[in-house]
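Please examine the structure shown below together with its sequence.

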Amino acid sequence: MLFHTWDFAIFFAITYVVYLFLRPTRYWVHWFFLTSYFFYGWWNKWYLLLLFGTSAIDYLMVIFMERSRTQRRRLLWLIVSLVSNFGFLGYFKYSGFITQQLNALLSWVGVAMQLPDPIAYPNALLGALGVPAAHQFAAVILPIGISFHTFQSMSYTIDAYYRRIPIERSFVRFLAFVSFFPQLVAGPIERSGNLLPQLTNKPPLRGRDISDGMSLFLVGLFKKVALADYFAQYVEKVYAAPDMYSSGALVLATVAFGWQIYFDFSGYTDMGRGVAKMMGFDLMLNFNNPYLADSLGDFWNRWHISLSTWFKDYVYFPLGGNRGGKLFTYRNMVLTMLISGIWHGAAWGFVIWGAMHALGRALTRELEGTAFYRDRVPRIAKQVAVFAFVTFCWIFFRAQSTHDAFLIVKRIFSTGWGDPRFPIAMLVMILGVWTYQFSFESRLRPVLELGIVRVAMAAGMIIYLAMFTGGSSSAFIYFQF
Amino acid sequence: MPSSTFSSNALRLSLRSWAVLAVVLGAIFLVFPRAWSRAQRFEAGTDYRFPYETSNDYWMYRQWCDRAAQQHPYLALGDSVIWGQYAGNNQTLTHYLNASSGREGEDFANIAIDGIHPIAMEGLVRYYGASMEGRKVLINLNLLWMSSPMQDFQGDQEFRFNHPRLVPQVVGRFACYKPNLAEVMSVEAERHIEFFSCAKHINISCFANMPFSDWTLEHPYESPLTALGTSLPGTDVGPQSKPVDWKKRGMGGQDFAWVPLSESNQWRAFTRTLDLLREKGASVFVLFVPINPYLQTDDSRARGEAQAKDAKAWLEGARLPYYCADGLQSVQYADASHPLADGYAEIARRLRECSAFKEWMNK
């Protein structure tokens, strides 16, 4: 169920009315659990088994941790939790890719043996239990948003292990925390320290929450339907056959993709946060005008903030952070970025994308610390440089294969500009949004915050959506992660 | 960790701002279609018929209906037979009716739409036919829409048909029509909020019947603002299809699987349309579209005639005047039901001689 569909509108209307009705009782958390499972099961009811299974294991492991008398025993339960989470994630998300690579390696070294498709393992078990082949699984299907809810659940066990958070006693509340539908499938990846207390102490619901939530939802809807889906049309056309296009189209499609993925993902987050806000819940900010960043470090403080901070807290710091000298700091930084790249998907393109960011971050960190860069280089030049680098990296993220990605890079530098047939309207929209964001971080901000300007902008968005975007319902890019 | 809700954009509206926005939008939704209607030059000259390429522009159709109802005492409503698929705009039934009247103020307006089957026609009259209220409406009954279970919307096998945006979307929806919720909601919005049908009209008339985004990709260097100033397509002067008779098309030996009226969805929709028109105070005259007897097998023709007999009996029971335009010569048919120009002239002449028709006109 996508936020920008009528299915969701009906679902939310019912959910909301019943939620308001149940707020005075103690059953409102149960309602969240039920509606969240319904929301997730809408895609595929079998996904629910996985969601419930990982949540139940994590809940139990934390209870076992609490009852453990020794630190060693606590660690054991943490390891069980991590192994189960990474096990599920690894099987569903990476097993196909790993099998493919290993088989290629085996062929390369001349070994005749090939590993079977990963679906063969559960099917062998089913076969042993007497399930006929017709009723066995056909392929490994990646459950939507598995990386998000697994990470959210895992953060709970890790925090509980380090005694950073109180232990959640209610199983239903814990299930509602992991499956909280406004952020279940594409984040923000909420920490238990933020969301569980809100699910414990019913958050107040004021008129301001409702109006704020509606505002966030409108902006998110506009970003997704009017901008991201529109830019996607040009990007898909060019990236589907990069050998047919020359430099101009490839450059502009890559720039358009940079904005598409930002509007797509931040639009989803805005809608999710808006939905949560309308019910009184505060979810963390996930994007903060990332294309205005003036350094790569700044970019990662503004882009997918909930994931960046997750990796910082659960990977970078445990690796030692910046405590072991420069060399260790860079090692930790590179490792964190590489893992972040792999988190996004099982493909070499994501690995290269993560490696490029790791390398870029490592190379520019020293430069950013110099007085010359800090004081003498104009901010706009830094912003343009960061945007150019980030956009260049997107090629490896978006291309259908690494072969395509390198072909695009090659053609960008080896062919003429050509006639890109890039729509003027799209260009105007990109420049308009950029100008808006620049203005928002400038002295013009008070003008943008005038009531009349806000109402005029909201009216413009609604009129545009009503007139020009009927019936769009394409999926969000980040669902695949 | 940033926790501020709104640090990435400024569009934060208070409840009061939302209320102001609702009023502003309400005003825009109300005023915009009227303003657009005035700003857009719509010229309907003699023998105007609704352009074929904009057949699904129901907002524009409503404008034409309003105009026709103001300027013509008689409205001819129907499918491509009335519209004139194989005829120029000066060879249609309404043209010949007007030409043969010889008197001022006895003229007919052609308010037919290509491909409008009875189920869609019911939707057209219900949602876009307000100006038919109190008018004299000649309506065509084309039994060919009941000549196969599929044409009659029987069964649950999905198929492509004309004017899906006019058929029932929620209550009374047919099993063979499976729109998604977004389609249902957008159709309902178009029917009940004029702004949306006007927006659809803009897409059709200014952006070549494409979504705006598709249009910009097709015309990357054209300004959408310029496109908004595109003038409306004029009426179709020439025939839409080549005007040759059915034999030259290689047709013949047709054996139609006629659906009995008692089971027919199209027939039920047609009777509901008649009720609807009468509820609106319209005076209705039913014209049986000629079904080409020469291209059917004997058995098919016999079953078709039996069906027509049942339909006449029903109309008589409902005290509705009608005329059955059969008996044309073979060469006057372009296909199973469309007459060629000669056929239209012949039907017009016979209608003028029909006492029921004269009585209806003079009533």
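Chain B contains 13 helices and five strands; helices (H or I, at least four residues) and strands (E, at least two) are DSSP runs, numbered from the N terminus. This is a predicted model, in which local features need pLDDT of at least 70 and side-chain atom pairs count only at pLDDT 80 or more, while totals for chains, interfaces and linings use all residues. Residues are numbered from 1 along each chain as its sequence is written, and chains are lettered from A and ligands numbered from 1 in the order in which they are written.

**Chain B as a whole**

- Chain B has a radius of gyration of 23 Å, close to the 21 Å that the globule rule gives for 363 residues, so it is as compact as a globular protein of that length. The radius is taken over C-alpha atoms, and the rule is 2.2 Å times the number of residues to the power 0.38.
- The C-alpha trace of chain B spans about 85 × 50 × 40 Å along its principal axes.
- Of the 363 residues in chain B, 42% are buried (20 or more other C-beta atoms lie within 10 Å of the residue's own, with C-beta atoms placed from the backbone).

**Where chain B meets chain A**

- In chain B, 38 residues are in contact with 45 residues of chain A; two residues are in contact if their C-beta atoms, placed from the backbone, lie within 7 Å.
- On the chain B side, the elements giving two or more residues are helix 1 (15-39), helix 6 (181-192), helix 7 (194-206) and helix 8 (212-218).
- Helix 1 of chain B gives the most to this side, with eight residues.
- By class, this side of chain B has 24 nonpolar, 12 polar and two charged residues. Ala, Val, Leu, Ile, Met, Phe, Trp, Tyr, Cys and Pro count as nonpolar, Asp, Glu, Lys and Arg as charged, and the others, Gly among them, as polar.

**Domains of chain A**

- Chain A is assigned domain 1 (6-202) and domain 2 (208-480), with bounds from an automatic or database domain assignment.
- The centres of the two domains of chain A, taken over C-alpha atoms, are separated by 27 Å.
- Their contact takes 24 residues from domain 1 of chain A and 23 residues from domain 2 of chain A.

**Helix 6 of chain A**

- In helix 6 of chain A, 14 of the 16 residues are buried, and the helix is thus mostly covered.
- Just after helix 6 of chain A, A:Arg163 takes a positive phi of about 60°.

Conventions. A residue is buried if 20 or more other C-beta atoms lie within 10 Å of its own, exposed if 12 or fewer, and partly exposed in between; C-beta atoms are placed from the backbone.
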